[in-house]
Amino acid sequence: MTHIAATPIPRRPSRTRLAGALLLALLAGFALLGPVLIEADPARQDFSASLAPAGGEYLLGADHYGRSLLARLAHGARLSFGMAFLSALAAAVPGVALGLLAAWRGGWTRRVLDFLSMIVLALPGLLLVLLLLAFAPGNFGPLFLGLALTLWVEFYRVTRASAAVLLSQPHIEAARLLGFPPLYILRKHVAPSLAPTVTTLAAFAMAAAIIAVSTLSAISVGLQPPTPELGNMMIELLPYYSEAPLHVLLPAILIFLMVLALQLLARRDTA
Amino acid sequence: MRRFLLLRLAQAGIVTLVVGAACFALMRMLPGDPAMRIAAGRYGPDAQIAQAAERVRLELGLDRPLAVQFLDWLGDLARFDLGHSLVTGAPVLEELKVQLGASAWLAFWAVAVSLLIGPLAGVLAGMRPGGMADRAGLALSIGLRAVPPFLLALGLMLVFAVGLRLLPAAGYGTARQMVLPALTLGLGLAAVSSRVTRNAVATVTHAPHYLFARHKGLPEAALIRRHGLRNAATPVIAYLGVQAIYLVEGVVVVESIFAFPGIGHALVHAIVERDVPMVQGTALVMGLMFVAITAMVDAITAWLDPRPRSA
């Protein structure tokens, strides 16, 4: 227990992680560059092209309003990644900071923060997000707040637990006794050991956020049409499945790949 | 055991407080005059609305200070007085009774399906770590985990209801209508529990007591039954506690997709219709269902493995 986290063992990245990173890079490229390179407006309707098949004037076809599917997919991917990144960031920063604080200060600071995290964990995350969404269904604000609020706990708990072990290490105790300032110790001794764990948690958090955002709009309490959101797109196109099955499947495949990439990246090699 | 129980009771209290506070705030923050809105909900928009609103205001005590109203609100909650739906006017409790039955059945069948698939696949994989079954199971599990429940639901619906026309796509009442929703959740749960089982089995089959039992000549079937399964079952059941989150969240999503008249479906509906008493009632019951499932898992784990836990 005392020496596990002392020095991060340089580990060869596993093949699954590598595959996840590659897939993620591809999808992130599509999400970042797609909306810039594809000139079509994701909201422009062209009823003569309604449900146009892939390969014609529209590369991946057009939806029931004749909107370019490729453009909508690119914007949808950007929206999902954007929401996921922002909510993971908004969860990680306070989560890690409070985790470090609790490990450093201990005592009442830790107890109060533990209690706060227990309140959040008392309800399944989606219920909390739904409760917040009830205030303003279909808006970014409560969705984002709800995701950050449910996701920070994991960062807090893991950071606190690992930092508590780290801080009792001899070399760090020595550094504290020598009078190095806390921030210096955190930066030089704690942060390098915590970084891999926090990255893993962030990838999981982003996957969870992508799932939540698409799920909530699919059950019509999340972002509303005409926002090009992947879950929305799928539900909107579902009635036309018999005519254009590919159109329905594309957003689903994109969601699947995004979540898969993040989960592969975050995978521990055992489970 | 008593400590667990107390912990779960505290959790139930927190759930009630969080849901109650959120819904109280929700009620007060809806645009417009709440009395007016309730009156409109009860008597329709054309009635003599101002007088009706005055009566509602007095009846519900909406003219008192906020703090008093909040305490009153919590008092009602504690007495399970959940009020009336703003939309239908029916008592929330009555509607919840019907819906809870549907949701509980769904959760039950989902867990049953997952316990049918997960441990079986896990034992097959765990008997030969690294073998074909193990690798296939791993690939399937990774794939399934990357499919959000709503996608899985839609996928199964498209294959079995639209494509093969084997099962109904939505509804509630017959056994056939239960299959797809339960399968959706069961598969999602099994994706994880199969791997947990696999790891547990792989560990048990290398444990000294297991190797000894094999050396003394027990037939393989008796070996697995007597010395393998019970030991491997503990982590699997304990993991169900973690999966309770997936189950409850999944119930909300899957019910909405399959138009399954349970609590999750009602919750989503109530949010769209801004029916705050229904939001409160449904969220409360879902939250308490989550606490109840975790408590049950605690109890079963303690029964399977009576050694006191250090954590």
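This is a predicted model: local features need pLDDT of at least 70, side-chain atom pairs count only at pLDDT 80 or more; totals for chains, interfaces and linings use all residues.
1. Confidence in chain A. The mean pLDDT of chain A is 82, and 90% of the residues in this chain reach 70 or more. The stretch to read with care is residues 1-10 of chain A, where the pLDDT is below 50, although in the model this stretch still has eight contacts beyond near neighbours in sequence.

2. Burial and contacts within each chain. Of the 271 residues in chain A, 50% are buried, while in chain B buried residues make up 46% of 311. Among contacts between residues at least 6 apart in sequence, 70% of those in chain A join residues at least 24 apart, and for chain B the corresponding share is 71%.

3. Surface and charge. Chain A exposes about 12,800 Å², with carbon and sulfur atoms supplying 69% of that area; chain B exposes about 15,300 Å², and there too carbon and sulfur atoms supply 69%. Chain B carries 26 positive and 18 negative side chains, and the centres of these two sets lie 17 Å apart.

4. The contact between the chains. Chain A brings 39 residues to the contact and chain B brings 41. About 3,400 Å² is buried between the two chains, and carbon and sulfur atoms give 83% of this area. On the side of chain A, the residues A:L131, A:F135 and A:I219 supply 17% of the area that this chain buries against chain B, which is more than any other three residues.

5. A:T215 and its partners in chain B. This threonine, A:T215, sits in helix α7 of chain A, which covers residues 182-218. Once neighbours within four places in sequence are set aside, A:T215 is in contact with B:P148, B:F150 and B:V253. Is A:T215 buried or exposed? A:T215 counts as buried because its relative accessible area is 4%, and the cut-off for that class is under 20%.

6. A:T197 in helix α7. A:T197 also lies in helix α7 of chain A, but this residue counts as partly exposed, because its relative accessibility is 31%. A:T197 and A:L238 are 41 residues apart in sequence, and their C-alpha atoms are 39 Å apart in space.

7. Two backbone angles to check in chain B. Most residues other than glycine have a negative phi. Against that background, B:A259 has a positive phi of about 50° although it is not a glycine, and B:R274, likewise not a glycine, has a positive phi of about 55°. Where in chain B is B:A259 placed? B:A259 is in the loop between α10 (220-257) and α11 (263-273), whereas B:R274 is found in the loop between α11 and α12 (276-304). B:A259 counts as partly exposed because its relative accessibility is 38%, and B:R274 is likewise partly exposed, at 28%.

Key
Residues are numbered from 1 along each chain as its sequence is written. Chains are lettered from A and ligands numbered from 1 in the order in which they are written. Side-chain values use heavy atoms; hydrogens and water are left out. pLDDT is the predictor's confidence in each residue, from 0 to 100. Contact means heavy atoms within 4.5 Å. Buried means under 20% relative accessible area, exposed over 50%, partly exposed in between (1.4 Å probe, protein chains only). Accessible areas come from the Shrake-Rupley method with a 1.4 Å probe; for residues, only the protein chains shown count as cover. Lys and Arg count as positive and Asp and Glu as negative; His and the chain ends are not counted. The place of a charge is taken as NZ of Lys, CZ of Arg, CG of Asp or CD of Glu. Buried area is the accessible area (1.4 Å probe) that two parts lose on being put together, summed over both. Helices (H or I, at least four residues) and strands (E, at least two) are DSSP runs, numbered from the N terminus.
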